[in-house]
Amino acid sequence: MDTITEPEEHDASRRNLMKKAVVAGAVVWTAPVVMSAPAAFAAGSVPPTTPNPTLPPSDTNLAPGHTASMSSVYASPCNSAALGNDGLSTQANPTNGGLSYQNWNFANPCNTNSIFHTDTGPGEWWQVDLGSSFTIDKIVLYNRIDNSAQTRAQNITLSIDGVSQGIIPGTIGSWNSVTWTLPSPVVGQVIRVTNGVTNYFHLAEVEVWGH
Ligand SMILES: [Ca+2]
């Protein structure tokens, strides 16, 4: 049983809040922040998890190799924005005791996890600038999976070039990864994901599929 705790989790009040969320259960969605969402992804709905079969075969994950940035950094430089698009997500990590790249390493996070990690605040965000415009078809998010910390990512807003594409509702630790196929392709350059709650924000990977 994992008994190690992340330094920020010593805050008793927030621990209590997380306990309440767990008690509430995965079926009870926290009310999403008020933002516009396309009808296909109305707040409270569950985004599609099956890739659109009509997606062009030329689609690739465009995010790796491009410049990532984020609203703040927790324990810099061990949790940099670049870890969000380094291409490492679910595989076993030989330098992290064989744990998944989705597990944050408490003892020595530098170079042994693959999770970007902001400080705590309202609307913490991560983004990647693709350098030029591409046709974006879907986004795949890989959540952190250790220590119940995945509950910190809730009601994530996806925006492309500053335009909201809707909200991925939840979560109460209810997903390890989610595929978000856009209702129709969107041409854009800067893809941003924004946490819908005031908390730390961390994901293991953000894949941007398009051509
Ligand atoms: Ca990663």
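Which residue of β6 does Thr157 stand opposite? Thr157 faces Ile167 across the strand pair. Here is a short tour of the chain around that pair, a predicted model in which local features need pLDDT of at least 70, side-chain atom pairs count only at pLDDT 80 or more, and totals for chains, interfaces and linings use all residues. Residues are numbered from 1 along each chain as its sequence is written.

**Overall layout**
- Starting at the N terminus, the order of elements is α-β-β-β-β-β-β-β-β.
- Of the 211 residues in the chain, 36% are buried; a residue is buried if 20 or more other C-beta atoms lie within 10 Å of its own, exposed if 12 or fewer, and partly exposed in between, with C-beta atoms placed from the backbone.

**Confidence**
- The average pLDDT of the chain is 76, and 69% of the residues score at least 70; pLDDT is the predictor's confidence in each residue, from 0 to 100.
- Helix α1 (residues 12-24) has the lowest confidence, with a mean of 34, while β2 has the highest, at 98.
- Over residues 8-51 the pLDDT is below 50, and this stretch has 55 contacts in the model beyond near neighbours in sequence; two residues are in contact if their C-beta atoms, placed from the backbone, lie within 7 Å.

**The β5 and β6 hairpin**
- β5 and β6 run antiparallel and are joined by five bridges; strands count as paired if DSSP finds at least two bridges between them.
- Two residues lie between the strands of this hairpin, and Asp161 takes a positive phi near 50° there.

**The nonpolar core**
- The largest nonpolar core has 34 residues, and those with the most contacts inside it are Trp126, Leu203, Val206 and Val208; such a core is a set of buried Ala, Val, Leu, Ile, Met, Phe, Trp, Tyr and Cys residues joined through C-beta atoms within 7 Å.
- Elements giving two or more residues to this core include β2 (67-70), β5 (156-160) and β6 (163-168), and β4 gives the most, with seven residues.
- Leaving aside neighbours within four places in sequence, the contacts of Trp126 include Ala68, Phe116, Leu203 and Val206.

**Asn199**
- Asn199 is found in the loop between β7 (177-194) and β8 (202-210).
- Asn199 counts as buried because it has 22 C-beta neighbours inside 10 Å.
- Beyond its neighbours within four places in sequence, Asn199 is in contact with Thr120 and Arg152.
- Thr120 is 79 residues from Asn199 along the chain, yet their C-alpha atoms are separated by 4.6 Å.

Definitions and conventions:
Helices (H or I, at least four residues) and strands (E, at least two) are DSSP runs, numbered from the N terminus.
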